[in-house]
Amino acid sequence: MFEDTTQPSTLPLGVGVALSLVSAAALTYEILLTRLFAIIQWHHFAYMMISVALLGYGAAGTMVTLLRPQLESRFVPAFAAAATAFGATAMVCFLLAQALPFNALEFLWDLWQPLWLLAIYLLLFVPFFFAAVCVCLAFTRYAAQARRVYTFDLVGAAVGSLGVILAMFALRPTTVLACVTALSAIAAVLFWLTIGGRPRGAALLPLALAIAALVAAQTPIGQLRISQYKSLSKALEVMGARVLAERSSPLGQLAVVESKAVPFRYAPGLSLNALQSPPDQLGLFTDGEGFSALNRHDGNRETLVYLDYLTSALPYHLTSEPRVLILGAGAGMDVLQALYHGAAAVDAVELNPQVVDLVEREFAEFSGRPYSRPGVRLHVGEARGFAAASQARYDVIQLGLLDAFGASAAGLYALNESYLYTVEALQRYLVRLFPDGYLAITRWVDLPPRDALKLFATAVVALEKGGVRDPGARLAMIRNWNTATLIAKNGELTPRDVARLREFCRSRGFDLVWHPAMRAADADVFNRLQQPYFHEGAVALLGGQRADFIERYKFNIAPATDDRPYFFQFFRWKALPELLKLRNRGGMPLLDWGYPLLIATLVQALVLGAALILMPLARSRNLGSCAGAGVRLRTVAYFAALGGGFIFVEMAFIQKLILFLSHPLYAVAVVLFAFLLFAGLGSLLSRKLAKAAAPAIMMLLLPVAAIVLLCVSYLVWLPDFVDALIALPDAAKIAIAMLIILPLGLSMGMPFPLGLEALSAREPALVPWAWGINACAAVAGAVIASVLAIHAGFSAVLIAAVVLYASTLLSFPATAMKPK
Amino acid sequence: MWRTRLPIFRFLLLRIARGGLFAVLFFASIAGGEDNYAAARRAMVREIEGMASSTPLETGSRTLDRQVLQVMGKVQRHLFVPAAQQRHAYENRPLPIGHGQTISQPYIVALMTDLLRPEAGHVVLEIGTGSGYQAAVLAELTREVYTMEIIEPLGIQAKKRLVQLGYRNVEVEVADGYYGWPSQAPFDGIMVTAAASHIPVPLVQQLKPGGRMVIPVGTSFLTQQLMLIEKSPDGSVTSRQMLPVRFVPLTGRH
């Protein structure tokens with residue numbers, strides 16, 4: 001048998017680095033899985049699967065606690081085997097999971113679907129379990145040096161959080177998956193060689209595994225199997241359809257599809273009076289959904305006539321030679337629409353540089369390079385950030401349809417934060433308008449109305465906050481069966497504007513929802529509904545009974561704000577019983593899935609997490625004789641509060657900085673990297689403090705007081721600070737964001753190792769258990785933070801974090817224990 | 001919160017119970033010697049009928065046409081779904097038929113068919129053949145059905161299936177449905193079950209004055225709303241959208 005010859009008290013550098021590699025691989029895997037499932041399935045189920053799988057961390061803590069005596073004497077083979085097993089199962093389990101016939105869309109119809117979901121949970125649980133065994137073993141073995149271990153752990157995770165985003169730009173997603181295997185295999189080898197494991201040749205096994213994974217990723221075995229119900233899969237089933245080009249980045253997997261036999265003809269809600277069909281188009285899919293059309297254009301204006309027969313063309317009939325800003329330009333359809341209508345200048349903002357590259361370079365001949373046409377300026381960046389930083393003014397600001405109809409309607413985006421449709425966002429856009437300029441936003445029509453009325457409510461509030469007394473005088477909304485377009489004018493709509501608007505609608509068969517001179521009889525003339533829901537809603541939202549109307553509406557149409565940026569969250573509990581009753585009569589689509597699934601995820605995570613934490617308690621023999629109920633309770637409270645607090649702060653800061661950094665990726669990467677790195681350094685720094693030989697509780701007081709003060713002060717001044725500096729260049733903003741996080745991160749890295757070292761000195765049997773509690777709490781905390789943000793906003797998440805950190809002063813485990 | 005979650009559990013229990021009921025009906029019908037699914041089919045029709053009586057169709061409150069219900073009780077839905085799905089064929093749910101396509105839930109099929117107001121002398125066009133089930137239902141109610149499919153294997157399979165089942169008044173073509181079927185136009189009714197970002201203008205042109213076009217709007221497995229396009233005798237076109245369910249978005253004030 002392998003015997004461990006090292007001194008248990010000293011952590012060799014090689015072991016520390018191996019631990020870092022495992023942590024890096026584990027975090028890479030976690031982020032990558034979210035991406036992989038977003039590509040092959042839909043994002044809300046991905047969230048669910050990964051949250052539950054992460055409970056593998058808790059299970060590992062439990063197992064190490066229960067088997068501590070056995071594992072302690074076999075630390076070397078156990079760590080090496082766990083690292084190797086993590087690598088092997090990371091890839092294999094994902095490939096198996098994607099081969100299962102799970103279909104989220106059949107979830108409520110098919111009894112098998114919950115079982116397939118369970119199977120996916122179990123599969124993904126395995127790799128996280130092994131990764132966690134590695135980390136937990138290291139903490140248990142070197143508990144007296146918890147600070148160093150924690151530093152290696154967090155710095156590894158920090159590198160992983162940055163590395164995965166860079167890797168996703170350069171490599172295909174399944175190749176990144178193989179890299180996870182390779183990283184943990186390298187960790188196993190490094191560990192084995194550092195610690196002098198015998199036989200040395202055993203190190204060849206993980207190496208062979210790494211090579212096999214990298215090779216498999218390039219073969220059909222390693223391909224992603226996209227659900228046959230995603231738009232891309234369906235488009236490719238049509239005769240003669242084929243993929244012309246693919247691109248991949250953390251912003252999405254792009255596919256350009258040509259469909260010769262059955263052309264795409266994408267023109268959402270095209271008027272029945274349109275004289276022409278759309279020209280040749282290529283389909284651009286993002287993550288297998290999110291269709292947008294790339295039009296063939298040779299400069300001949302006549303081929304674009306159809307763009308004048310969409311509801312989004314309305315603002316061009318109220319202006320002449322406008323200077324236009326297109327937010328979310330995508331494949332360029334809105335730009336062509338502006339040019340068709342004689343725009344004097346067009347600023348187009350698109351987030352994804354790969355989309356631009358496809359349109360402007362790879363398919364330049366087809367597209368006619370819309371972003372290079374005279375008068376058009378392209379800005380690669382995030383739309384909201386551009387609107388905030390730019391000083392330019394416009395006659396028309398267009399916010400087009402950025403998401404797919406189906407996904408939006410099924411509530412798949414319910415949990416996606418969106419800063420494009422908040423009250424503050426609309427205020428920003430309005431400020432960028434010339435006098436008499438128009439903000440135009442187009443959304444999908446669903447029944448009963450959700451999107452459109454929420455947008456209308458948001459516009460009303462945004463105008464009111466901007467000091468407009470009578471928002472109804474500046475607003476108009478039109479619709480057809482498929483799309484609705486809202487316009488908000490910087491000034492009151494004149495009788496001449498209204499006359500033009502009415503003529504635009506009359507000639508195209510579009511219906512009026514609201515304009516300042518509207519009579520009820522003018523609603524629903526062309527496309528009739530059981531009741532004129534849209535017009536009635538608009539009237540109610542403009543009147544004194546707005547709050548009452550929003551309250552009585554069965555969907556959540558209260559305006560989204562930056563603090564609660566969930567425009568797509570329409571679900572309300574009070575409608576659930578009625579909707580479930582109607583499910584067999586086709587009432588299912590009225591149920592927005594995202595939120596109920598989030599709650600289901602929370603319940604699962606809490607139940608399973610509690611089971612994993614409580615199980616070792618049942619076998620109290622392993623927890624040491626001194627560890628009474630009081631100590632155990634303190635241990636749970638302390639480490640759960642730290643796990644939850646850490647993730648709460650991280651999530652709140654991603655939200656707070658997303659607008660500042662003007663890019664979702666920058667925000668996630670910078671915040672994760674900075675917090676993990678600085679917390680790792682903070683852990684090291686706390687050793688210096690320890691030498692001052694203050695009582696342990698005093699050493700805790702310092703970082704906790706700092707965290708509380710910093711969080712509260714950020715809560716107060718961060719929004720204004722961010723606003724003031726938003727126009728700085730990206731590099732400067734990233735540096736500032738890092739500086740803001742620095743003191744907080746350093747402080748947040750201290751309480752965990754302090755607690756762990758205190759425990760190890762007095763009650764070593766509780767160490768792996770405490771680690772598992774911390775990990776479980778972080779998983780459940782991520783879900784709780786989302787729920788809290790939906791209901792009370794991200795500021796509340798940060799306040800909750802403050803409370804959690806403050807509570808650790810009461811539950812610090814060392815104060816209640818006597819030294820052994 | 002607990003009170004509101006209860007219906008979920010009740011729903012699950014009901015579903016399990018109903019699965020059992022179908023098994024019983026299935027074996028009972030084997031014993032009876034009719035086609036194996038006749039009893040299940042009758043149960044399905046009763047279920048649809050029960051639901052329809054509480055749903056206002058269009059703006060009035062008429063119930064489903066008797067003839068439509070009769071045909072739903074006659075067409076063997078289980079022969080239009082993959083073998084693995086046959087045991088679910090008479091449950092009121094959508095089913096996968098391969099190639100990312102689905103067959104709508106029977107209740108929605110009944111509603112759509114009813115909305116089209118088919119008559120014995122009618123010639124109808126269907127865009128999106130799928131398995132051919134809707135075409136078979138229409139074939140029982142009208143003189144001729146022309147149906148088009150853009151997924152080749154589905155179209156070929158449906159054609160074979162409809163021939164085997166003896167539907168002589170159905171023509172299946174694997175082709176782009178956007179331009180309709182000009183050689184057989186105009187049509188008394190058009191059913192567009194294929195997803196489209198807009199209503200193809202050529203199809204509206206191929207609709208007879210007084211004719212009706214029905215378009216379900218939604219995603220795979222879920223029909224969100226039904227759209228009815230009517231061409232009046234003078235040629236003017238109006239559209240109507242309706243939910244398949246009775247659902248008022250405001251609480252109170254009914």
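This is a predicted model: local features need pLDDT of at least 70, side-chain atom pairs count only at pLDDT 80 or more; totals for chains, interfaces and linings use all residues.
**Contact between the chains**

In this model, 52 residues of chain A are in contact with 50 residues of chain B. On the side of chain A that touches chain B, two or more residues each come from helix H10 (231–237), helix H15 (405–409), strand E13 (527–528) and helix H21 (576–581) of chain A. By residue class, that side of chain A comprises 32 nonpolar, 10 polar and 10 charged residues. Strands also join the two chains: E13(A) pairs with strand E9 (residues 237–242) of chain B.

**A sheet in chain A**

Chain A contains an open sheet of four strands in the order E1-E2-E3-E4, with antiparallel pairing. Strand E1 (241–249) and strand E4 (289–295) of chain A are at the edges; each has a single partner strand, so one side of each lacks a neighbour in the sheet. On average, neighbouring strands of this sheet are turned by 25° against each other, direction ignored.

| Strands | Sense | Bridges | Bridge partners |
|---|---|---|---|
| E13(A) and E9(B) | parallel | two | A:Asn527 and B:Ser239 |
| E3(A) and E4(A) | antiparallel | five | A:Gly283 and A:Ala293 |

**The nonpolar core**

The largest nonpolar core has 389 residues, and A:Val22, A:Leu55 and A:Cys134 have the most contacts inside it. Helix H23 (residues 629–661) of chain A gives the most to this core, with 19 residues. Leaving aside residues up to four places away in sequence, A:Cys134 touches A:Val22, A:Phe79, A:Ala82, A:Ala83 and A:Phe86. In soluble globular proteins, nonpolar side chains tend to be buried together.

Notes: Residues are numbered from 1 along each chain as its sequence is written. Chains are lettered from A and ligands numbered from 1 in the order in which they are written. Two residues are in contact if their C-beta atoms, placed from the backbone, lie within 7 Å. Ala, Val, Leu, Ile, Met, Phe, Trp, Tyr, Cys and Pro count as nonpolar, Asp, Glu, Lys and Arg as charged, and the others, Gly among them, as polar. Two strands pair if DSSP finds at least two bridges between them. A nonpolar core is a set of buried Ala, Val, Leu, Ile, Met, Phe, Trp, Tyr and Cys residues joined through C-beta atoms within 7 Å. A residue is buried if 20 or more other C-beta atoms lie within 10 Å of its own, exposed if 12 or fewer, and partly exposed in between; C-beta atoms are placed from the backbone. Axes are lines fitted to C-alpha atoms, for helices over the stretch in contact, and angles run from 0 to 180 degrees between N-to-C directions.
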